[in-house]
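Please keep the sequence and the model in view while reading.

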Amino acid sequence: MRTRPLKVALLGCGVVGSEVARIMTTHADDLAARIGAPVELAGIAVRRPNRVRAGVPAELLTTDATALVKRGDIDVVVEVIGGVEPARSLITTSFEHGASVVSANKALLAADGAALHAAAVEHGVDLYYEAAVAGAIPLIRPLRESLAGDKVNRVLGIVNGTTNFILDKMDTTGAGYSEALDEATALGYAEADPTADVEGFDAAAKAAILAGIAFHTRVTIDDVHREGITEVTAADIASARRMGCTVKLLAICERSADGRSVTARVHPAMIPLTHPLASVREAYNAVFVEAAAAGQLMFYGPGAGGSPTASAVLGDLVATCRNKLASTTGPGESAYAQLTVSPMDDVVTRYHISLDVADKPGVLAQVATVFAEHQVSIDTVRQQGRNPAADGVAVEQGGGGRREGGEASLVVVTHRAPDAALGATVEALRKLDTVRGVASIMRVEGE
Ligand code: HSE
């Protein structure tokens with residue numbers, strides 16, 4: 001074993017960084033044996049040096065991150081500060097000074113991954129980022145390496161723990177969105193400003209990274225259709241339950257049938273309770289990968305938190321250190337396929353639509369006509385809600401207890417159709433005099 005240590009600079013020492021520092025110290029001998037040389041924590045850049053960090057050597061702290069990465073003797077920089085700047089500049093400077101980079105920065109990689117990969121190649125160093133997607137769950141390496149000989153057609157998963165916790169609470173307790181968010185905040189799952197999670201930005205960044213690697217093409221966060229969970233109501237969840245479904249925030253990346261394009265999207269969707277993703281509870285993540293030869297693979301585990309994310313960072317640290325010792329680099333960006341990223345309009349999916357309608361003869365026929373005019377085939381129709389006697393009674397079985405001049409709730413579930421056709425159908429339904437309102441629209445997946 002080489003005795004001269006490999007030097008590591010740590011940028012950021014919050015929940016993840018302090019755990020990385022702790023494990024590097026407590027597992028130093030094992031890490032050295034696995035790498036073939038000791039690894040030494042050479043400096044830790046922080047914004048607030050006076051904050052108490054248990055187990056982190058205070059003498060290594062500095063507020064000058066740029067000077068740390070410019071030292072010239074750093075082998076690997078671990079970036080866990082997040083956000084686009086100053087992370088991007090620090091990573092680029094690290095490359096320029098010969099350091100490989102391990103990053104957990106999904107926002108930066110989803111916005112500017114191609115440029116960062118190019119900079120790493122230019123300077124002959126590694127850029128690894130297993131921790132950027134789904135915490136401890138190995139996903140980047142299996143997609144990049146284990147499945148490098150296969151053809152991935154679909155990646156479908158729950159990649160945000162905060163929103164999964166909120167939706168799970170709504171499902172299991174009947175709570176509304178705000179109440180469930182308050183609980184997620186109190187338990188430390190949701191940030192004080194939960195926008196990145198609840199509006200789907202975090203999941204969209206992860207979807208972009210996964211799609212790019214899975215399909216060997218460039219996908220940025222701007223290519224990802226994004227809807228968050230803030231509009232999901234207790235009524236949506238109850239409606240899903242009546243259909244034998246639950247609601248999850250899904251990231252879905254798909255190759256088109258002709259193989260020439262891909263789509264990437266994040267939105268809440270109903271999935272059947274029998275689907276394995278339905279049983280992913282609390283803040284856990286799970287991702288399905290469908291590949292031509294491998295078939296269906298499922299990756300499951302903790303997608304956030306200091307320790308799980310540190311596990312992924314340390315795995316990358318070992319890999320980049322091994323590469324440094326061997327004077328080589330690992331696989332970089334693979335974007336040779338240059339596929340078109342199609343818009344959401346082209347995605348073929350199913351809708352669950354809940355309408356408040358006038359309860360009088362001919363309304364169902366009017367509604368059905370609008371679907372037919374847009375070439376959208378109806379799977380099921382149920383009348384429920386407004387007239388308690390009719391609740392849950394299938395319309396085709398008699399319509400049950402119609403009140404002249406009253407209102408009824410119609411729940412329509414479609415067959416698969418292009419999202420554009422489904423959206424146009426909803427717009428046309430809104431214009432019908434007999435449709436008093438569109439109470440909810442949700443896609444149905446996983447069947
Ligand atoms: N905020 C993320 C989540 C974890 O809730 O899953 C970091 O990506």
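A residue is called buried when its relative accessible area is under 20%, exposed when that value is over 50%, and partly exposed in between. The model shown here is a predicted one. Arg350 has a relative accessible area of 13%, and therefore it is classed as buried.

Arg350 belongs to strand β14, which covers residues 348-359. Its side chain takes part in two polar interactions that can be located in the model. With the side chain of Asp379, the side chain of Arg350 forms a polar contact at 2.7 Å. The side chain of Arg350 also reaches the backbone oxygen of Thr414, at 2.9 Å. When neighbours within four places in sequence are set aside, the residues in contact with Arg350 include Val413, His415, Arg416, Leu422, Met442 and Glu447.

Attention may now turn to the ligand. Which residues surround the ligand? They are Lys106, Asn160, Gly161, Thr162, Asp197, Asp202, Lys206 and Ala304. Sorted by class, this shell consists of one nonpolar, three polar and four charged residues. Two helices, α7 (161-173) and α10 (201-215), each contribute at least two residues to the shell.

Several distances describe how the oxygen atoms of the ligand are placed. An oxygen atom of the ligand lies 2.5 Å from an N or O atom in the side chain of Thr162. At Gly161, a polar backbone atom is 2.6 Å from an oxygen atom of the ligand. For Lys206, an N or O atom of the side chain is 2.8 Å from an oxygen atom of the ligand. Taken alone, the ligand would expose 260 Å², and the protein buries 81% of that area.

An unreviewed UniProt entry lists Lys106 under "binding site". Lys106 is located in helix α5, which comprises residues 106-122. Is Lys106 buried or partly exposed? Its relative accessibility is 25%, so Lys106 counts as partly exposed. Not counting residues up to four places away in sequence, Lys106 touches Ala132, Asp202, Ala205, Lys206 and Ile209.

Val16 counts as buried because its relative accessibility is 18%. For Gly17 the value is 1%, so Gly17 likewise counts as buried. Leaving aside neighbours within four places in sequence, Val16 is in contact with Val80, Gly305, Gly306, Thr309, Ala310 and Val313.

Thr263 is part of strand β10, residues 261-272, and is buried because its relative accessible area is 11%. Apart from neighbours within four places in sequence, its contacts are Ile252, Cys253, Glu254, Ser342, Pro343 and Val347. Ala67 sits in helix α3, residues 65-69. With a relative accessibility of 38%, Ala67 counts as partly exposed. Ala67 and Thr93 are 26 residues apart in sequence, and their C-alpha atoms are 9.9 Å apart in space.

Definitions and conventions:
Residues numbered from 1 in each chain as written. Predicted model: local features only at pLDDT ≥ 70, side-chain atom pairs only at ≥ 80, totals over all residues. Heavy atoms only, no water. Near = heavy atom within 4 Å. Polar contact = N/O pair within 3.5 Å; in protein donor to acceptor, adjacent residues only side chain to side chain. Areas by Shrake-Rupley, 256 points an atom, 1.4 Å probe, with all protein chains shown as cover. Helix = DSSP H or I, 4+ residues; strand = E, 2+ residues; numbered from the N terminus. Nonpolar A, V, L, I, M, F, W, Y, C, P; charged D, E, K, R; others polar. UniProt positions renumbered as here; feature names shortened; annotations may be inferred. Buried < 20%, exposed > 50% of the residue type's maximum accessible area, 1.4 Å probe, protein only. Contact = heavy atoms within 4.5 Å.
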